[in-house]
Structure formats: structure tokens, C-alpha cells
Amino acid sequence: MISVPGSTQIIKEDNVTHSFCGLASVGWLYQKIKDSFFLILGTHTCAHFLQNALGMMIFAKPRFGIALLEEGDLSRQDPSLEEVINEIRRDHNPSVIFLLSSCTPEVMKVDFKGLANSLTTPDLPVLFVPASGLIYNFTQAEDSVLQALIPFCPEAPAGDKSVVFVGSVNDSIADDMRSEAEALGIKVGGFLPESRFDRLPAIGPDTVLAPIQPYLSRVVSRLARERKAKPLSSLFPFGPTGTRVFWEDLAAMFDIKADLREREDAAWKRIGEQVSLLKGKKVFFTADTMMELPLARFLKNAGADVMECSSAYINKKFHARELEALDGVRVVEQPNFHRQLQDVKREQPDLIVTSLMTANPFVGNGFVVKWSMEFTLMPIHSWSGVFTLANLFVSPLMRREKLPAFDESVWLKGIMPSAE
């Protein structure tokens, strides 16, 4: 058991840390960085995964693809990708290509950095991104992409004080956050990532880094170390309370006093109907996206009973404020899923937030489930995201109320005979 500031204790267990590999992050990153191309060096298994996970996007001519490794490639030292790169150039004309690793070539010890350097030209950088499911949770692959971008961020001179928001959000949320910062008198240096490779923000010793996603600790630490930038330590901007604290703490780093309590109260009133449904509900988080800590904190603020909040990885420094806000909640790192199953069976939560891998078995046993993956894809940040965030939690509860009573004979003895 690990102690953190306050009375929160982290229980560390020993189970599988993730259900998807880092290739899943391509689904939102290729849409955010609009002049990019994501090239995955992988196997037919990788292709099958992406075709199914991102299949709804194929008709939009998406800017990602897979260079397939066949059996004959296993005996070669390094794959040849020059023809693939030329084809990408002709079809998409990207400003940058991200070369993502996957499990098999990493086991083969492919020299990805050397391969990326050999493919890079003066007008088209090819950047290596480690994204293997052997090491990283799938959301952490965004961290790897952002680290690959650091050398291309201009150096901001000393004395040029501005905020750079770290984390990928859709353009609407980005515009709202930029407007909010400017309304508070905070100079905005940009976002990492920006919507185009040639618009990356300048970062220097007087840049304030404001992380807006809870799985980006490595890129923030690296920027603080290499560029001497100053990271914001606050709650993440999820929900009325988290959003108020985030903006007040950010303003304080610019010597601006902001009191947003009225704004917070108005946001809570706006989702009053959702809060009334969440109040007193028992909610259980299994580990998946690494967004669990701020999501659980929002539910606690809303009056829900968070029975357990587990996450694949917890960084005590990066997540310190969220951990303090979860005082009294059972927080688990790398949870043992078998133990969780026993606890769920005994404690009977009203809602389980879990991965796609485990959602159907829970539903098949009569539980109300929310796919944790949805929170990575929806606009839930800051003031403009409050309503969407609340609705994501209440929608499965409202849907269950409209369904007929659970018929155990159909689920457990008919469709799922092995569930007993």
C-alpha cells in the first residue's frame, strides 16, 4: 500500500494493466493533427484490430495505414518501407509521418529509431512512436506522439509567459478553452498537439504547461526537464468543481486572482437532473483508460458512492491533487481483476465503468455498465463539456429503467450457458 498526500492510500496489485494496445490512440490523433499520417508496422492482427476498432472511418479515406509484416519478413534484419512512404506522399501529402511500433516488430528488435531516421527527408520528417501493447496503456501512446513532437516545438524566449495546454481535444473544446483563458487575462501559447504540424507552440522557461488529459505525465515531465517549463499542478478540467479549480489554479500562476464559484454553482444547477440520478448510486471503476481518477472525483463531487477507483498506472506527483480529492475512496493501481469480480458480486454496484473487453460479461450478469472507452472520444472538458460528461454517466442508468426486468433464465441459461 502506497501513501499519498492526505489520507488517500493506493492499493497496488499485480494484474494486467490494459486491454488495448497503443494503436487505438490513432483513432483520435489522426483526426486532431490534420496534416499527419500514422503508419503502423505490424501484423495481420494489428490490421484486424484497427479495421474493427476504427472501421467506421474507412470511407473518409483516413490518414493511417499498416505496413504488414509477413512470415518471410521475420528472417530479415529490418523491413523496407521506402515504397510505402512514397505511396503515402502521393495519396495524402502529409507534413509529418508517425511510425508506430507494435508488439511483433518490437520482439524482433527492429531498430525503429534508425528506420525512422533513414526514411526522413528535409521536407517530410518520419517520427518514431513507441506504441506497443507490451509496455503502454493505449492512452499513453498519445504521450509518445507528443514526445516525438517536442524537437519541432520552437524555443520560447525567457520572459515570454504563456500557457500551453497539453493533450488532444477536439477543435470545439480547444476553442472554448482558448477563449476562457483569454477572458481571464491569460496569454495562450497554443496546444500540444495543434491541429497542424506547422503550428506547434513555442515552449520555454516561462511557459506554463497545463495538462488536460490525465495520461500525459511523461511528456509534461520531459518538457519541464528539457525546456524548464513550469507544469500546472491542479485538478483536471472535468466537471464543475474540477473545471473551477483548474482555471483558478492556472490564473494564479499568472498572478491573476479568479473566483469562479458562481460559475461552478451555475454548472452544477445546469446538470441538476443528472446529479439527482447519480446521488447515492454505487459506482465501481475497473482499470482501462487512465482517466479513472478525475472521472471518479467528478462522481464523488456529484454525491455518488465511488466503491472503487482502479487505474492501470498512477503517478503520485502528476495525480496528486486528484488523489487528495478522492479521500475516502478505495484507489487501486493495476487491480487484480479476479478480486474485483468477487467484490462486484458481493457489493452489487449500481454502475460499473469498465473496458470493452469486460463490459458484456458484466451485462450478462445483470449489471449496468458504461464503456470507459467512450470518455476518451467525447468532448467532456471544461465548462462546455460538463453536460456531456454528466450525460455519459446517467445514460446507461436511464436506459436500464426503460428495459424489462432482467430474465436470468434467458441470459444465464440460454445465450450464456457458461456464465454460471
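**Confidence**

I started with the pLDDT, the predictor's confidence in each residue, from 0 to 100. The protein averages 89, and 88% of the residues score at least 70. I noted that this is a predicted model: local features need pLDDT of at least 70, side-chain atom pairs count only at pLDDT 80 or more, and totals for chains, interfaces and linings use all residues. Residues are numbered from 1 along each chain as its sequence is written, and side-chain values use heavy atoms, with hydrogens and water left out.

Over residues 414–420 the pLDDT stays under 50. For that stretch the model has 10 contacts beyond four places in sequence. Contact here means heavy atoms within 4.5 Å.

**Overall counts**

I counted secondary structure next. The protein has 18 helices and 15 strands. These are DSSP runs numbered from the N terminus: helices are H or I with at least four residues, strands are E with at least two.

I checked burial. Of the 420 residues, 54% count as buried. Buried means under 20% relative accessible area, exposed means over 50%, and partly exposed lies in between (1.4 Å probe, protein chains only). Among contacts with a separation of 6 or more, 73% come from residues 24 or more positions apart.

**The open sheet**

I traced a sheet of 4 strands. It is open, runs in the order E4-E3-E5-E6, and its pairing is parallel. Two strands pair if DSSP finds at least two bridges between them. The edges are E4 (64–68) and E6 (126–129), each pairing on one side only. From one strand to the next the twist averages 25°.

I zoomed in on E5 (residues 96–100). E5 pairs with E6 in the parallel sense over 4 bridges. Leu100 stands opposite Val129 in E6.

Two helices that pack on this sheet went into my notes. H5 (residues 112–119) touches E3 (36–42), E5 and E6, and its direction makes about 165° with that of E6. H6 (residues 140–149) also touches E3, E5 and E6, at about 145° to the direction of E6. For these angles, axes are lines fitted to C-alpha atoms, for helices over the stretch in contact, and angles run from 0 to 180 degrees between N-to-C directions.

I asked how many residues of H6 are buried. The count is 10 of the 10, so H6 is largely enclosed by the rest of the structure. The buried residues include Gln140, Glu142, Asp143 and Gln147.

Glu264, Ala267 and Trp268 are buried. Seen down the axis of H10, the buried residues fall within an arc of 100°, so they line one face of the helix. The arc is that of the directions from the helix axis to the C-beta atoms. Exposed Glu262 and Lys269 sit on the face turned away from the buried side. An α-helix has 3.6 residues a turn, so residues three or four places apart point the same way.

**Loop E8 to E9**

I looked up Arg196, which lies in the loop between E8 (188–192) and E9 (207–211). Arg196 is partly exposed, with a relative accessible area of 28%. Leaving aside neighbours within four places in sequence, Arg196 is in contact with Asp35 and Ser95. Arg196 and Ser36 are 160 residues apart in sequence, yet 7.8 Å apart in space, C-alpha to C-alpha.

Pro193 lies in this loop between E8 and E9. The peptide bond from Leu192 to Pro193 is cis, with omega near 10°.

**Positive phi**

Most residues other than glycine have a negative phi, and most peptide bonds are trans. I wrote down two residues with positive values. Gln348 has a phi of about 50°. Gln348 is found in the loop between H14 (337–347) and E14 (351–354), and is partly exposed at 41% relative accessible area. Ser382 has a phi near 60°. Ser382 is in the loop between H16 (374–377) and H17 (386–402), and is buried at 4%.

**Cysteines**

I searched for disulfides, taken as pairs of cysteine sulfur atoms within 2.5 Å. The count comes to 0. Cys46 is buried, with 11% relative accessible area. Cys153 also counts as buried, at 3%.
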